[in-house]
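Welcome! Take a moment with the sequence and the 3D view below, and then we can walk through them together.

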Amino acid sequence: MAGRTLYDKLWDAHLVQQRDDGTALIYIDRQLLHEVTSPQAFEGLRLANRKPWRLDSNIATPDHNVPTTLKERSIGIEGIEDDTSRIQVMTLDSNCTDFNIEQFGINDERQGIVHVVGPEQGATLPGMTVVCGDSHTATHGAFGALAHGIGTSEVEHVLATQCLIQRKMKNLKIQVDGELGEGVTAKDIILAIIGDIGTAGGTGYAMEFAGSAIEALSMEGRMTICNMAIEAGARVGLVGVDQTTIDYVAKRPFAPREDVWEQAVRRWQELVSDTDAEFDKVVHLDAAKIEPQVSWGTSPEMVVGITGAVPAPSDITDATKRRGVERALEYMGLSGGQKITDIQLDRVFIGSCTNSRIEDLRAAAEVVKGCRVSPNLKQAMVVPGSGLVKRMAEREGLDVVFKQAGFEWREPGCSMCLAMNADKLGAGEHCASTSNRNFEGRQGYGGRTHLVSPAMAAAAAIEGHFVDIRTWSPSRTQESA
Ligand SMILES: CC(C)[C@H](C(=O)O)[C@@H](O)C(=O)O
Ligand code: SF4
């Protein structure tokens with residue numbers, strides 16, 4: 001028998017029933033819930049007079065609609081000024097109480113973006129199936145877990161039955177070998193991959209990231225990469241389990257206790273693709289060739305290295321492609337051929353489930369230390385991914401570094417990643433953002449998003465435009481400003 005991929009192994013281990021029509025029933029180990037996609041699911045349970053099948057498999061936290069200013073947060077749910085947001089967060093709260101589901105509520109220090117909270121708590125473990133009514137659930141695949149987003153009716157189905165109807169995907173391997181250059185990060189790897197294969201490149205596949213460059217990454221870096229698998233069209237991103245995975249999980253609140261730990265580790269170590277496993281498609285990338293990336297357009301595949309330029313429509317022969325680029329340039333207020341380093345910024349956002357973990361904040365703080373945010377910016381903000389990330393950062397003094405440089409230091413949540421709360425871009429504003437989507441209006445009506453790594457966002461905040469982090473030296477230190 002041919003070897004199996006990691007995805008095959010996870011699938012086989014959770015298969016309840018294969019049906020003749022190609023669909024299958026799989027068992028779900030963990031469901032994460034947030035306020036946007038759960039209300040109708042709970043309502044459905046209520047109407048059918050059903051109870052959750054396995055209470056302790058569910059964990060909830062509000063993230064999309066929570067305000068990030070201390071002023072609103074200190075009051076709790078009642079303090080949320082926006083009516084829709086307040087109702088959403090309140091509804092999650094009362095549903096969790098009614099159905100007896102564990103929630104890290106708005107004033108709980110463990111609250112945060114669901115994809116930061118799950119792994120941080122050890123609620124995401126190797127070998128699990130993890131679902132959430134959220135497309136960035138792919139993040140959790142960094143642990144060798146089969147994780148993907150689901151729709152609200154499926155949230156209800158999982159609550160009620162602990163199972164999900166799925167079709168098996170194909171296997172795609174993204175092999176990234178070699179060493180990253182100084183200042184080049186996991187975010188640049190995934191942006192470069194999407195730039196290469198396009199936003200449909202992974203459609204229909206479970207996408208496993210492998211190779212020496214992936215193995216060298218921390219869990220934070222691997223999560224950043226799997227987080228954006230969905231932006232490459234794949235619902236599932238995966239990284240095989242190794243010692244880095246196990247070290248991260250050890251002693252987390254929801255991790256297996258001491259008496260079963262060794263047993264769990266032995267099972268987890270099998271969660272890698274067999275050496276003779278066959279993938280339906282393999283893509284190779286050389287890590288050493290990846291530059292810090294900046295997206296210039298309205299899709300994550302519209303991305304280029306920092307030394308590059310915005311494409312000129314006149315160079316594009318394919319008419320459909322040319323029109324797509326023209327439209328994106330018009331929306332973004334950029335001209336063809338413009339150098340990336342010439343793009344002037346209005347705001348800088350460091351946060352989101354892609355890049356708001358402690359390592360991301362450390363990387364950004366390292367860059368801004370002793371510098372001043374450019375006076376040309378309207379705002380530069382740092383939004384930790386969870387209350388625990390925030391506390392850890394504050395213990396390390398990172399909040400002081402950011403504040404002294406002129407950044408706002410906020411409370412945890414999705415924040416400016418998408419315009420579902422008070423943190424928004426104004427029309428026409430350019431934002432260097434560490435998030436994952438740059439669609440039209442994503443960060444606010446008419447807003448213009450440029451996706452970058454935390455280090456690149458931090459340096460851009462100091463200069464007011466993009467710079468090459470590899471060669472940059474700050475023009476504005478705190479002494480000179
Ligand atoms: C609101 C939610 C359903 C959505 C998602 O599915 O990803 C959001 O988190 C996003 O990033 O666009
Ligand atoms: S941080 Fe952004 S991408 Fe992540 S879950 Fe929230 S809105 Fe979605």
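Predicted model: local features only at pLDDT ≥ 70, side-chain atom pairs only at ≥ 80, totals over all residues.

A residue counts as near a molecule here if its C-beta atom, placed from the backbone, lies within 6 Å of it.

Residues are numbered from 1 along each chain as its sequence is written, while chains are lettered from A and ligands numbered from 1 in the order in which they are written.

Now step back to the whole chain, which is divided into domain 1 (1-290) and domain 2 (293-463); these bounds come from an automatic or database domain assignment. The C-alpha centres of the two domains lie 24 Å apart. Their contact takes 38 residues from domain 1 and 35 residues from domain 2, where two residues are in contact if their C-beta atoms, placed from the backbone, lie within 7 Å. On the side of domain 1 that touches domain 2, α3 (70-73), α5 (114-121), α7 (186-197) and α9 (219-227) each supply at least two residues. The largest share of that side, six residues, comes from α7. Helices (H or I, at least four residues) and strands (E, at least two) are DSSP runs, numbered from the N terminus. By class, the residues of this side of domain 1 divide into ten nonpolar, 18 polar and ten charged.

Both domains also come into view at ligand 2, whose shell draws at least three residues from each of domain 1 and domain 2. In total 13 residues surround ligand 2, and the closest are S352, C353, C414, C417 and L418. Five of the shell residues are nonpolar, six polar and two charged.

Let us look at S352 itself. This residue lies in the loop between β15 (347-350) and α13 (358-368), and its phi is near 85°, a positive value in a residue other than glycine. Is S352 buried or exposed? It counts as buried because it has 28 C-beta neighbours inside 10 Å; the cut-offs are 20 or more other C-beta atoms for buried, 12 or fewer for exposed, and in between for partly exposed, with C-beta atoms placed from the backbone.

Notes: Nonpolar A, V, L, I, M, F, W, Y, C, P; charged D, E, K, R; others polar.
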